[in-house]
Amino acid sequence: MSLTLLASILAGFASVVQNRTIRIARRAADAGITIAVAALVENVSDEKDISQKTADDDTPFACPFNDNTTFIIAMQDVAGRLDLNKGSSDLFRAALIGLAEPNAISALVAAIERRRNGDGFRLVQEFAQLPGVTSEVYSRLHMDLTVHSALTALDKASTRPDLRSRLVRAGVSPDAAYAASADDRKFALSVLARTAPDHGYFFETKVKIRPESFPIYQTLSWNSHVVRVSTIPLPYGEWFDHVQAEKVAPCTGS
């Protein structure tokens with residue numbers, strides 16, 4: 001699906017997004033997911049195309065959809081996240097440095113290993129249930145966790161800059177931290193449809209890209225909710241203040 005065709009499909013939203021209800025915000029956010037997927041699978045040369053402005057290390061970008069709605073989108077190959085079921089315990093230990101005391105870190109890594117040897121992790125949210133995981137630890141680390149990569153190490157290009165920096169400070173060598181990414185590409189997509197200065201609708205989903213299939217992506221997990229600046233999870237709360245939509249082209253590439 002070209003982004004030109006996508007633009008014409010999404011144009012129908014413009015006549016209804018004047019109403020800032022939850023229903024409309026949710027519909028707009030759903031359109032944002034479609035745009036994000038299109039940016040991942042489309043290989044075009046148009047300089048105005050949003051695929052030229054994105055990174056797959058969870059760096060957010062913004063694009064205005066119409067006068068009332070702005071999409072703020074982040075995408076990340078899950079190979080850049082620590083897999084709760086497969087990731088190296090040494091990497092987990094290094095990632096936790098500065099977030100907890102040394103004894104607490106050792107206990108938490110042991111709890112992760114016990115869970116792996118039992119039922120394993122089905123959702124990242126289950127990490128929050130482990131003993132020793134405080135709200136601060138979870139808020140700082142959950143964006144660097146996955147249950148979908150099945151890798152022991154990380155793909156460097158897809159790892160968030162914050163996690164890369166923490167591993168460097170912990171003294172982890174690149175050979176220990178990073179490995180080649182898997183051929184099976186899976187992505188975490190986050191979309192905030194900002195329908196007012198301080199609130200909107202938030203979608204977070206994990207998808208498997210299948211360019212030769214229909215539909216072109218398979219949903220692996222899904223989370224959505226109405227958000228306000230005071231309730232949106234970190235780091236997305238910063239999007240309201242630090243991403244300037246007027247500096248980028250419209251999502252449709254027009």
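This is a predicted model: local features need pLDDT of at least 70, side-chain atom pairs count only at pLDDT 80 or more; totals for chains, interfaces and linings use all residues.
Trainee: How many bridges join E5 to E6?

Mentor: Two strands pair if DSSP finds at least two bridges between them. A hairpin of 2 residues links E5 to E6. Strand E5 covers residues 186-196 and runs antiparallel to E6. The bridges joining E5 to E6 number 10.

Trainee: Which strand is joined to E5 by 8 bridges?

Mentor: Look at Ser190. In E6 its opposite residue is Glu204. Ala74 also stands opposite Ser190. The strand with 8 bridges to E5, antiparallel and spanning residues 70-77, is E2.

Trainee: How many residues of E5 are buried?

Mentor: Buried means under 20% relative accessible area, exposed over 50%, and partly exposed in between (1.4 Å probe, protein chains only). Strand E6, residues 199-209, is mostly covered, with 9 of its 11 residues buried. E5 is largely enclosed by the rest of the structure, because its buried count is 11 of 11.

Trainee: Which element gives the largest share of the lining of the largest pocket?

Mentor: A pocket is an open set of points on a 1 Å grid over the protein atoms alone, where a 1.4 Å probe fits, with protein on both sides within 12 Å along at least five of seven lines; lining residues have an atom within 4 Å of a point. The largest pocket has a volume of about 340 Å³; volume is the space filled by probe spheres set on the points, which are joined across faces, edges and corners. Two or more lining residues come from each of E4, E6 and strand E7 (217-228). The largest share, 5 residues, comes from E7.

Trainee: Which residues lie closest to the centre of the largest pocket?

Mentor: The lining of the largest pocket has 22 residues. Glu204, the residue opposite Ser190, is one of those closest to the centre.

Trainee: Why do the buried residues of H6 line one face of the helix?

Mentor: The buried residues of H6 are Leu163, Arg166 and Leu167. Seen down the axis, the buried residues of H6 line one face because they fall within an arc of 100°.

Trainee: Which helices do the buried residues of H6 pack against?

Mentor: Contact means heavy atoms within 4.5 Å. The face turned away from the buried side carries exposed Val168 and Arg169. The buried residues of H6 pack against H3 (89-96), H5 (135-141) and H7 (174-177).

Trainee: How many residues of H3 are buried?

Mentor: The buried ones are Ser89, Leu91, Phe92, Ala94, Ala95 and Leu96. Their cover includes strand E3 (82-83), helix H4 (102-117), H5, E4, H6 and H7. H3 is largely enclosed by the rest of the structure, because its buried count is 6 of 8.

Trainee: What is the phi of Ala150 near?

Mentor: Most residues other than glycine have a negative phi. Ala150 sits in the loop between strand E4 (145-146) and helix H6 (161-169). Ala150 is exposed, with a relative accessible area of 53%. Its phi is positive, near 60°.

Methods. Residues are numbered from 1 along each chain as its sequence is written. Side-chain values use heavy atoms; hydrogens and water are left out. Helices (H or I, at least four residues) and strands (E, at least two) are DSSP runs, numbered from the N terminus. The arc is that of the directions from the helix axis to the C-beta atoms.
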